[in-house]
Amino acid sequence: MKRLFALAVLAATVTTPVVAEARDRGMMVLTGGGQDQARRQVPLSRVLSMLASRYPGRHLNSTMGDAGGRPAYYVQWQMENGRVVVFVVDAESGQVIGRQGG
């Protein structure tokens, strides 16, 4: 029983970096119970590059959420003037669909 638990822990630790790298490369990753409903998402690194090219400043924080029933990135961005903006970016298309603050 202890061996089985140890193998499960080892498998989880080994696969986590692989999933993260796959997402960064824009690959489809099957997650959770609804594996047949997996969606292709734009990697966060690509979203951050796009924002940096349009809005001089720096990335502070980001999280995943839902916007109008679609997966979205909420990216906290500090503009050059010091003001903080939260960009809402559609995770499937990579388009900015909202902006709060700033």
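This is a predicted model: local features need pLDDT of at least 70, side-chain atom pairs count only at pLDDT 80 or more; totals for chains, interfaces and linings use all residues.
Local features need pLDDT of at least 70, side-chain atom pairs count only at pLDDT 80 or more, and totals for chains, interfaces and linings use all residues. Residues are numbered from 1 along each chain as its sequence is written, and side-chain values use heavy atoms, leaving out hydrogens and water.

Visitor: What is the order of the strands in the open sheet?
Guide: Strands here are DSSP runs (E, at least two residues; helices are H or I, at least four), numbered from the N terminus. Two strands pair if DSSP finds at least two bridges between them. The four strands pair in the antiparallel sense, in the order E1-E2-E3-E4.

Visitor: Which strands stand at the edges?
Guide: An edge strand here has a single partner strand, so one side is left without a neighbour in the sheet. That describes E1 and E4.

Visitor: Which residue in E2 is the bridge partner of asparagine 61?
Guide: E1 (residues 57-67) and E2 (residues 70-79) pair over 10 bridges. Glycine 57 stands opposite methionine 79. For asparagine 61, the partner is glutamine 76.

Visitor: Which residues of helix H2 are buried?
Guide: Buried means under 20% relative accessible area, exposed over 50%, partly exposed in between (1.4 Å probe, protein chains only). The face of H2 turned away from its buried side carries exposed Arg46 and Ser53. In H2 (residues 44-54), the buried residues are Val47, Leu48, Met50 and Leu51.
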